[in-house]
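Work through the exercises below with the sequence and the model at hand, and try each task before reading its solution.

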Amino acid sequence: MNVIFVSPQFPSVYWQFCAALRRNGAVALGIGDTPWEALAEEVRASLDEYYWVGDLEDYDQVYRAVAYFSYRYGKPDWIESNNEHWLSLDARLREDFNVARGPRPGEVERWQSKARQKPLYAAAGVPTARQTMLTTFDETRWFIGEMGHYPVFAKPEVGVGACGTRILRSDDDLRALLRDCGAGGDGGDQPVPYVVEQLVEGDLCSWDAVLDSGGEPLFENQEEFPPSMADVVHGGLDMSYRSCPRVDPRLSELGRRTARAFGLASRFVHMEFFRLRSDRPGLGAAGDYVGLEVNVRPPGGSTPEMMNYAHATNVYQVWADMVCFDERRTEPDGTDAYCVYASRRDAHRYAHGHDEVLARWGAAVVSCGRVPDALSDDLGNYQYTARLATSEEADEFVAYVHEREGDCHGDQAGVREGSGGGSPTAGSGA
């Protein structure tokens, strides 16, 4: 089997998908925009061959790379990046080289559209926030009134994370959004690529899975993101989230139903949900899940590493098992736990220095270090990741890492509550 992997060097852990493919006997071929000599040694060792292009955004360069691999190794069986930014590129290459497996451009476009996701959620029987496309002031304002007035949440119709999101609290905010989107204010008559939807109060969770060709999960994971990514980015907050040792059966059922409705198969997926903190007429009761958005790739950054620690397994190998054998051949090797990510921002001063954090939590810390600048808006500037047995220990770890200079014990408790209490926004996760 010949597998072409786009951008194996970024995120920095993604070379492990390629290494897992090679362990399963596949030929792993990489295309990236980092020169060979600048690649980390582990990236080089994970690949059978690498083709450097000056710019992955230049389709002609990437096309020539795939053509070269096709000539040298034969027709590719799989083209993948597992990266949101390159999903459309992957799909176009599959279509142009007639790769049998994997979504084509039309499918990816449908999955990435927040508006086109709504009827698919409805087909799955999964409740979602009411939504409309942002058009003119009058039309959008009427819809806001129908939903129950401000505040509402606005986000790009196609996008990921909190980039471009905002909360609208007044007519002036709506006019500003129309102006910023180039709609021309009240008189605009052209749709703009934004959606406006109900503001949902809840805790942000995700159902992550590696799906086989029948859409059934070979691996499942539940993440919890307190607070939402929108609040983290817009408020400059410290970031924390966790991979949980167990998956709520109710969330698992909703994830499976959503996968079937979306036609998802042979993929790593990351589906985001709100868990309601209070009864919401038309959406559900406290504790129920509401669909937010579907991402047809793994959760961002180093989250696959967190899944490994939480579930004592190797999700890269599980994914490679799916690609090569359409079954799981990698079994857990240990006990499950909470794997918790807590990051800091350079702009803040913290009560406990790096050495103190390691002295207090070193036995549990599985990684720490600088976050790449490209991810720092969402994920902070410096991260500590720890594996802990209980939710209470996870809360304590986050509170310790995030405690600011001048905080008293009561303030630290407030950080702990904020880290575990969710956020009243419709922002998305990683």
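**Exercise 1. Find how many aromatic pairs the structure holds, and classify the pair of Phe17 and Trp319.**

Solution. In this predicted model, the structure holds 19 aromatic pairs. For Phe17 and Trp319, begin with the distance, since ring centres within 6.5 Å count as a pair; here the centres are 5.0 Å apart. Next take the angle: planes over 60 degrees apart count as edge-to-face, and these planes stand at 70°, so the pair is edge-to-face. Then place the two residues: Phe17 belongs to helix α1 (residues 15-23) and Trp319 to helix α12 (residues 315-325), so the pair ties together parts that are 302 residues apart in sequence. Finally, consider accessibility, where a relative accessible area under 20% means buried: Phe17, at 0%, is buried, and Trp319, at 1%, counts as buried too.

**Exercise 2. Describe the pair of Tyr51 and Phe69, and decide whether each residue is buried, partly exposed or exposed.**

Solution. The ring centres of Tyr51 and Phe69 lie 6.2 Å apart with 75° between the planes, and this aromatic pair is edge-to-face. Tyr51 sits in strand β3 (residues 49-52) and Phe69 in helix α3 (residues 59-73), so that the pair links distant parts of the chain, 18 residues apart. Tyr51 has a relative accessible area of 25% and is partly exposed, whereas Phe69, with 1%, is buried.

**Exercise 3. Which residues form one aromatic cluster with Phe17 and Trp319, and which rings have Arg92 and Arg329 over them?**

Solution. The cluster that contains Phe17 and Trp319 also takes in Phe5, Tyr14 and Tyr316. Turning to the charges, Arg92 lies over the face of Tyr59, 3.5 Å from the ring centre, while Arg329 places its charged end over the ring of Phe325, 3.6 Å from the centre of that ring.

**Exercise 4. Characterise the second largest pocket by its space, its lining and the elements that contribute to it.**

Solution. Start with the space, which is about 320 Å³ for the second largest pocket. Its lining consists of 20 residues, and those nearest the centre are Ser12, Val13, Ser302, Ser367 and Gln383. Two or more lining residues come from each of α11 (303-311), β15 (365-370) and β16 (382-388), and β15 gives the most, with 5 residues. Sorted by class, the lining of this second largest pocket holds 11 nonpolar, 7 polar and 2 charged residues.

Technical notes. Residues are numbered from 1 along each chain as its sequence is written. This is a predicted model: local features need pLDDT of at least 70, side-chain atom pairs count only at pLDDT 80 or more; totals for chains, interfaces and linings use all residues. Side-chain values use heavy atoms; hydrogens and water are left out. Rings of Phe, Tyr and Trp (its six-membered ring) pair if their centres lie within 6.5 Å; planes under 30 degrees apart count as stacked, over 60 as edge-to-face and the rest as tilted. Helices (H or I, at least four residues) and strands (E, at least two) are DSSP runs, numbered from the N terminus. Buried means under 20% relative accessible area, exposed over 50%, partly exposed in between (1.4 Å probe, protein chains only). A charge sits over a ring if NZ of Lys or CZ of Arg is within 6 Å of the ring centre and within 35 degrees of the ring normal. On a 1 Å grid over the protein atoms alone, a cavity is a set of points where a 1.4 Å probe fits but cannot get out, and a pocket is an open set with protein on both sides within 12 Å along at least five of seven lines; lining residues have an atom within 4 Å of a point. Grid points are joined across faces, edges and corners, and a volume is the space filled by probe spheres set on the points. Ala, Val, Leu, Ile, Met, Phe, Trp, Tyr, Cys and Pro count as nonpolar, Asp, Glu, Lys and Arg as charged, and the others, Gly among them, as polar.
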